[in-house]
Amino acid sequence: MTLAFAREKRLLLAALAVMAPLPLPLNEVVGWPAVAAFCLGAGAFLAATWRGREVGLAPWMMNVLGLAYLPLFWLDLRYLSGLQLVGPVVRLALFALLIKLLALRRERDKWQVLIGIFFVFLAAMATSVHPSVVLYLVAFVVLAMLALARFAYLHVLAGFGRLDPEQARLPLASFLAGAALVAALVAVPLFALLPRVTNPYIFGRGGGTGTVIQSTGFTDEVSLGSIGRIRDNREVAFRVRFDPADRSGELRFKAATFDRYEGRTWRRSPRSSTLDGGYGRTFQLAHGRAQGWAQFFLRPVTGGSLPLPPGALVLEVRERRLDLGTGGALSMTGPARDVVEYRLGFGAAPASLAAAPQQAGGQAALDRGGATPRIADLATRVMGEGTALDRVRRLESHLATGYRYSLDLQAGGDSPLESFLFETRTGHCEYFASAMVVMLRSQGIPARLAAGFYGAEWNPLTGYHVVRQSNAHAWVEAYLPETGWTIFDPTPAAGRPESGEASGFAVLGQAWDFLIFRWDRYVLTYGFADQVGLFFRFRELWLGLRSLLRRGDPVPAPGAASPTAAEPTAPAPAVPPEPGLPLEVLVALSLTIAAAGTVALALVRRARAPWSATRAYRALRRTLAHAGLAVPDHLAPMALHRRAAQRFPAAADPAGRVVGLYLRESYGGEELPPEERQAGKEAVREVARGVRPGRGAGEKEKKAG
Amino acid sequence: MASRPTPEGIRITKVGLWYVLFALVVAIAASNTGNNALYMVLAMMLAILAVSGFVSRANVRSLAAGVEAPGELFAGRPARVRFTLANRALLLPRWALLVTVGKGGEQRLVGYLGRKGSAAGEVEVILPRRGRHRLGDVHVASLFPFGLFRKGIRYPTVEEVLVFPELFPAAAIRDDGVSDFGEQAARRPGWGHDLHALRTFRQGDDPRRIHWKQTARVGRLVYMERETEENRRLAVLFDNGVGELTDPEEAARFERLVSEGATAAVDSLDRGFEVELVTRGRSVPFGVGRRQRWAVLEALALVEPEARSATPLASSDPRAGELRLALPARGERVANRPGPRLATAGGTG
């Protein structure tokens, strides 16, 4: 069937086609040239159609172009994309869509183009992680709704034979605005409730959200200068909310420690033990009374390290086991893919998570790798005599005041530390800390490099601190007999990452950060655990409400049972054994199976039930339409019969029977007996046989003969 | 008073099926990969589905529908029925409504119905049986908004109509000789319209009937005598005393007989005859004009089989032409007066 209202349909499809692939280059799935070429082609088609010019590729041309693209696809796959399938397939889809769009002639083509657009849109969405994709989604949905609404209306008009575009006007703007709003509002709870069966998976670059974070302190091996390379990076590493919120004093979060220095590379402290948090997922790290709590939202990082403030006492995290390094740093047993949320109780004084150097890993803290005689000599001169604490303080002060902080380093050579200490006298935190560790070890004082984050940006909009990549920092932990493992920071104060509250335009940044945080946390990485949490939260609310309605009891505030700063650190609560499958999942599965069974049963019953004459009549219309007879909506039953009899004489008699039954049932108000209804069904089958090509009149005559 | 509108269910269209299929594909992809962007698409698709279902439901509701029957409705003959549709909703307009009177009849499109707006139109309906019927309900369906579903609702109407018997082409009846009934000339002077004879004017004649042309020609007053109109009378004697008709074939023949009577009566009335209808249990005396036509057709529309009776039906005017219509026993023929005897049993006309 040729395209009715062709101009409007082409315009709508071209607009959708131009819009569909827009996020693809931003996600680096396909490059700008491919998308630009596609958009140019579709845009030219749009412009030509707008001006009323007929653009149409002949079908043979479409086939030729399709075949011509095959070698290009192979070249693309083999050489340009290195056998990575996604890019070439998306480019192929774009090419096919453009060709199909240009060859748009029949009603069927319209749907094929729409399907192509849908898949390109799906590829664009699936590879997007930036929050702005929501705007894209809404805009696309509005346009798609407009196209569907117009197609439906134009289809009805064409059925009535009204092909005048003037008659096709329909005020839809307010409807579309309202429908889009309602759809968006309905989509939010649906998004939250749609069952998740696998862990959240993020495909794509991250487009500014930095879903893959390269951060110091989180890998097994860190070379000197790594922190310097990320100090300009404003990506958020994690967010932390303190309770009580007014957190004074310095903010320092240790993520990893490094024991062995090999010329210009630090190796991470080995694992000393695996902590088991039990079913309650509570890890008692040290004894003491929690003075405050902190809620962490750690973004996906490589290595799975958990940044902790120095006084960490108890940790609650959705992990059964955690690795404890010899340097007292904690990490998950595997890399994190989504946002890791954990809660930490900390004390007033720094608590050491590490044993004395004489115990496990102690030798590593005295390893003299990198300590050349020249460095040792300098250490001896600077540290002088006195208690260990005094000597270490002297060295810390010497470095902090005698050297200059800079991220712009030219240091190199075989011994970057010697270069730093004697030649350039300029470096960043990693150089300062590394130099101090090596110098302390040269004097027999156990020390190690600690890496993590220092300082944070307070976001008053949300009440949490934002710790960015630029807050990455390295410092020193030295073991002193009188104080145990003690933190020293030889980096000049001016070189340390800044803390504080941003102002002015930064408020906008904070608002954006607020958005990004929630986007990451509640959209990109929303998963099954969140759904379970949501379920329990609703359950808690429901129970509270029920209790209030029944007895008038006061409702316990959600989370009231959690320990607060005023309470002593509680041991891990008794938690029931972990079931194989959560009850909610079983209930949901049972309900789904029951619903599917009911639907299946209803379908079987419907299929077996004798047809009503109306159903037979509808089937007759469909059958005749399939056979190529024009059956517009407005065609009345008798006219349909006449038309059918004219075109398919062999089907005239059974079609007449169906129409007769239908008239009796619908106009005469008769309730037909089952036998007659069955006869109607049979008559429809006769019609179907009668309209088949090659059968019909001839066959009937043969049978009669 | 009309009862409440009845929803007629929701039917998924081919486009809707494709839409659901794609939603399923997205659901599988999303659950397989855990990609929340796909979950967003899926949630949006399901939300659109929900919005579509809700809007299509709302689009056909809160309407006031009415129908207006034409003056005469004959069984099996298309008739134009006027419908009105008013939007009673305060907020939402209505879009793309497909209106049908009676199930599956001719459709009319009402493109847009503003808030508190109304529209009217005509549709063709065919009522297959005579008798008293309610005009079909007003069925309103819509593919709006996205063509994913076709939602329908039935607005019951209180409009009751009398459907007259099906009329056959008059020529078919005349071919049977039925048309000659009542036209056999009485050859008696009377007060009709046709000329009977010209004679000399007598004292007491109506001077208005003097034929002045002949008078001038023959030189004396010539009176124009008219034929009596009693000879243009037809009595349709429809014997419905046939007992209970259990055989569908017999019932069909009875119906056909009713139609033949109606056709003959209407044709005769149209040609200026006085027509009388006599059935068992009801008679319509001789009369002419539209009122008589209505009365005869109404009686025939409502005639039902009565208990068998041996008493023959008789006209109030023994001299009037007669058309006897009865279901004869097999092989029996029915006598008509005057003229040739005709078989007028069902199925012969």
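Predicted model: local features only at pLDDT ≥ 70, side-chain atom pairs only at ≥ 80, totals over all residues.
Helices here are DSSP runs of H or I with at least four residues, strands are runs of E with at least two, and both are numbered from the N terminus.

Residues are numbered from 1 along each chain as its sequence is written, chains are lettered from A and ligands numbered from 1 in the order in which they are written, and side-chain values use heavy atoms, with hydrogens and water left out.

Let me begin with chain A as a whole. Chain A holds 21 helices and 20 strands, and of its 705 residues 47% are buried, where buried means under 20% relative accessible area, exposed means over 50%, and partly exposed is in between, with a 1.4 Å probe and protein chains only. Its accessible surface, by the Shrake-Rupley method with a 1.4 Å probe and, for residues, only the protein chains shown as cover, comes to about 34100 Å², and carbon and sulfur atoms hold 60% of that. If a contact is taken as heavy atoms within 4.5 Å, then among the contacts in chain A with a separation of 6 or more, 74% are between residues 24 or more positions apart.

Now to the interior. In soluble globular proteins, nonpolar side chains tend to be buried together. A nonpolar core is counted here as a set of buried Ala, Val, Leu, Ile, Met, Phe, Trp, Tyr and Cys residues joined through side-chain atoms within 4.5 Å. Which residues touch the most other members of the largest core? In that core of 98 residues, they are A:L24, A:I117, A:F121, A:Y136 and A:F175, and the largest share of the core, 15 residues, comes from helix α7 of chain A, residues 133-159. Leaving out residues up to four places away in sequence, A:Y136 touches, among others, A:M19, A:P23, A:F121 and A:M125. A second, separate core has 47 residues, including A:L640 and A:L663 as well as B:L63 and B:Y155.

A:V30 sits in the loop between α2 (23-26) and α3 (32-50) of chain A. Is this residue buried or exposed? A:V30 is buried, at a relative accessible area of 2%, and its contacts, again without residues up to four places away in sequence, include A:L24, A:V35 and A:V90. From C-alpha to C-alpha, A:V30 and A:V86 are 8.6 Å apart in space, although 56 residues separate them in sequence.

Turning to the two chains together, 64 residues of chain A are in contact with 47 residues of chain B. The area buried between them, that is, the accessible area (1.4 Å probe) that two parts lose on being put together, summed over both, is about 4700 Å², with 75% given by carbon and sulfur atoms. On the chain B side, B:M40, B:M44 and B:F146 lose the most area to chain A, together 13% of what that side buries.

How many salt bridges are there between chain B and chain A? The count is zero, a salt bridge being a side-chain nitrogen of Lys or Arg within 4 Å of a carboxyl oxygen of Asp or Glu. Over all chains, the whole structure has 43 salt bridges. In one of these, the closest N and O atoms of A:E676 and A:R664 are 2.8 Å apart, which links helix α20 (residues 674-690) with helix α19 (residues 649-666) of chain A. In chain B, the side chains of B:R233 and B:E274 meet at 3.1 Å, N to O, joining strand β14 (residues 233-239) to strand β15 (residues 274-279), and B:R233 counts as buried at 18% relative accessibility. A network of salt bridges also links B:R80, B:E106, B:R108, B:E122 and B:E124.

Finally, back to B:W18, which counts as partly exposed because its relative accessibility is 45%. Together with A:F119, B:L21, B:L24, B:V25 and B:I28, B:W18 makes a nonpolar surface patch of about 560 Å². Such patches are made of residues with over 30% relative accessible area and no salt bridge, with like charges joined within 9 Å and nonpolar side chains (Val, Leu, Ile, Met, Phe, Trp, Tyr) within 5 Å. Helix α1 of chain B, residues 14-33, gives the most to this patch, with five residues.
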